[in-house]
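My notes follow the order in which I checked things.

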Amino acid sequence: MKKIPNTFGIDVTAARFLEYGSEDELRELIAAGQVVAPWLHIGGGSNLLFIKDYEGTVLHSRIGGLEVTSEDEEHVSVRVGAGVVWDDFVAYCVERHWYGAENLSLIPGEVGASAVQNIGAYGVEVKDLITSVETINMAREKRIYGVDECGYSYRKSLFKQPEMKTVFVTYVNFCLGKREHYTLDYGTIRQELEKYPVLNLEILRRVIIDIRQSKLPDPKVLGNAGSFFMNPIVPRRQFESLQREYPDMPHYDVDAGRVKIPAAWMIDRCGWKGKALGPAAVHGRQALVLVNSGGATGADIVALSDAVRASVREKFGIDIHPEVCLIK
């Protein structure tokens, strides 16, 4: 039995834990029958909540490397190993003045998981940068999925579907811009930028990191998985009805018929910020984050999640759903 790395700091083990550093090593593990069902492929364990010990095989990619595959005056295309730490990749892009990934600074996890989860923050989603995703399946076959085949939407992708558990991401291909371009109209980015005399990629990355660190606890200090809940998207008519009762309700227009409402605002309005149920708590600075205050089990976190969801449902008539994957 081996402990499973996870940013919640939950003490869980796997019956079998396998790592591989190349596509050929993954094929060899499969051919040798070492990938015993059930199996689960993880990145850095940053978006997972284990309810109990895992009785099957946990796989982890250590495929590294970053290769420029094409480049012109406008864009650069790069192929990145699934095991590369996501924020290391963002830092690499910023150092080379490649635009697009900077708003995703400091998101925990690895490159392969970013493509599975469709990570996003401050007005940017990774699907906006991905051109294709390379995979190996349990039949040891390689397939490359173009971005249009990946089924991307808010925190969703084809790779999260149950039938895709036999498919493992090995490389992700990205396209970054080489001309100056920023996404600034989200959260407090513009307000924070006023502290600096100039705007460039390095400054914007620093601002994004400062904002995240001011709101989100360090998992090494306080176990968490970042944002626990997704922001709900509701019909505009429902939002307008709520807005009459709560005129200060923040929102973001998705399209003509739908509106996204920050889950953190609703959780805060329900009085949960800083509150605890046993060793599980809602973080005192960011209501979207559930934390392990010390010794919490996965069941403790789920109990808190269920209580928070019930409060939001009762007060606003909206069901908020976990962004974190529950592994039962």
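**Charged pairs and a sheet**

I began with Arg96, which counts as partly exposed because its relative accessibility is 35%. I kept in mind that this is a predicted model. The side chain of Arg96 meets that of Glu95 in a salt bridge, with 3.3 Å from N to O. Glu95 itself is exposed, because its relative accessible area is 54% and the cut-off for exposed is over 50%.

I then asked how many salt bridges a search of the whole structure finds. The search gives 25. I reminded myself of the general idea that side chains of opposite charge can pair when their charged atoms come close.

Next I looked up Glu19, whose side chain forms a salt bridge with that of Arg62 at 3.6 Å, N to O. This pair links distant parts of the chain, 43 residues apart: Glu19 belongs to strand β2 (residues 13–20), while Arg62 sits in the loop between β5 (54–61) and β6 (66–71). Glu19 counts as partly exposed at 37% relative accessibility, and Arg62 counts as exposed at 55%.

My next entry concerns Arg155 and Glu125, whose side chains meet in a salt bridge of 3.6 Å, N to O. Here too the pair links distant parts of the chain, since Arg155 lies in the loop between β11 (142–146) and β12 (167–177) and Glu125 lies in strand β9 (residues 124–125), 30 residues apart. Are these two residues buried or exposed? I noted that both Arg155 and Glu125 are buried.

I also found a network of salt bridges, which links Glu23, Glu67, Arg79, Glu134 and Lys142.

I could pick out one of the partners by name, as Ala281 has Val291 in β19 as its bridge partner.

Key. Residues are numbered from 1 along each chain as its sequence is written. This is a predicted model: local features need pLDDT of at least 70, side-chain atom pairs count only at pLDDT 80 or more; totals for chains, interfaces and linings use all residues. Side-chain values use heavy atoms; hydrogens and water are left out. A salt bridge is a side-chain nitrogen of Lys or Arg within 4 Å of a carboxyl oxygen of Asp or Glu. Helices (H or I, at least four residues) and strands (E, at least two) are DSSP runs, numbered from the N terminus. Buried means under 20% relative accessible area, exposed over 50%, partly exposed in between (1.4 Å probe, protein chains only). Two strands pair if DSSP finds at least two bridges between them.
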